[in-house]
Amino acid sequence: MSDENNPVRATGVSRRGFLKGIGLGTAATGLISAAAPVAEAATREPGLRGPGEVPVSLKVNGQNRNLNLEPRVTLLDALRNRLDLTGCKKVCDRGTCGACTVLVDGQPVYSCSMLVNEAEGRDITTVEGIGTPEKMNAVQRAFVEHDAQQCGFCTPGFVVACTAFVRKHPNASIEQVRAGLGGNLCRCGTYAGMLLAVSDAAKGGAV
Ligand code: FES
Ligand code: FES
């Protein structure tokens, strides 16, 4: 899979780096108690924010949204729990399944693996900003036409990732599409429909 189609690599933040950043790296090695001193140190050092709530300004689907959040909050939780944008789904919550995919500056990103702090000042697009039931984009229309969903839980993440893919690879071959879907998992196994949908959307031009 190429880097631009890998949501974690697209952020420039590895999963290991993210876990270290939120203190889970230490938890995983049984050093949970180390988290409190680290948090206290964070409040003392200039330039670092938290651990309590701080003002956070996000640009989501073209709108500026001002929130107060603890810096440890993920972009996914901020979108779902504070902005009521529930299209992005929390499934694995560990950068594996892609159900939480959103676009950040046009790149597909696992929003469960990005802290809200890192998303400030960047252009965030959720599936709600990509199209609506009345005005679907080409990928959404093609998903409907090819019946590319069953339970639909993974579908929003696929639609977002596929939209980014089609924008970047307007004339993709079926093999490129197959590789492009590699950052998202569908347990229902609707890949055949999705491959056709993405190929059709790519042929259709602007997304
Ligand atoms: S919920 Fe984010 S990758 Fe699975
Ligand atoms: S449609 Fe069910 S997990 Fe993808």
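This is a predicted model: local features need pLDDT of at least 70, side-chain atom pairs count only at pLDDT 80 or more; totals for chains, interfaces and linings use all residues.
## A walk through the chain

Residues are numbered from 1 along each chain as its sequence is written, chains are lettered from A and ligands numbered from 1 in the order in which they are written, and side-chain values use heavy atoms, with hydrogens and water left out.

Now switch to cartoon. You'll find eleven helices and five strands (DSSP runs numbered from the N terminus: helices are H or I with at least four residues, strands E with at least two). Of the 207 residues, 43% are buried (under 20% relative accessible area; exposed is over 50%, partly exposed in between, with a 1.4 Å probe and protein chains only).

**Stop one: two rings.** Select F158 and Y191. How are their planes arranged? Their centres are 6.1 Å apart and the planes stand at 75°, so the pair is edge-to-face (centres of Phe, Tyr or six-membered Trp rings within 6.5 Å; planes under 30 degrees apart are stacked, over 60 edge-to-face, the rest tilted). F158 belongs to helix α9 (residues 155-168) and Y191 to helix α11 (residues 191-203), 33 residues apart. F158 is buried at 1% relative accessible area, while Y191 is partly exposed at 30%.

**Stop two: a charge over a ring.** Pick K89 and F153. The charged end of K89 sits over the ring of F153, 5.9 Å from its centre (the rule: NZ of Lys or CZ of Arg within 6 Å of the ring centre and within 35 degrees of the ring normal).

**Stop three: salt bridges.** There are seven in the structure (a side-chain nitrogen of Lys or Arg within 4 Å of a carboxyl oxygen of Asp or Glu). Select D77 and K90, which meet at 2.9 Å, N to O. D77 is in helix α5 (residues 75-82) and K90 in the loop between α5 and β3 (101-104), so the bridge ties together parts 13 residues apart in sequence.

Next, go to helix α10 (residues 174-180), where E175 and R178 are separated by about one helical turn. Their side chains meet at 3.5 Å, N to O.

Finish in helix α11 with K203 and D200, three residues apart. This bridge spans 3.8 Å, N to O; K203 is exposed at 68%, and D200 is partly exposed at 34%.
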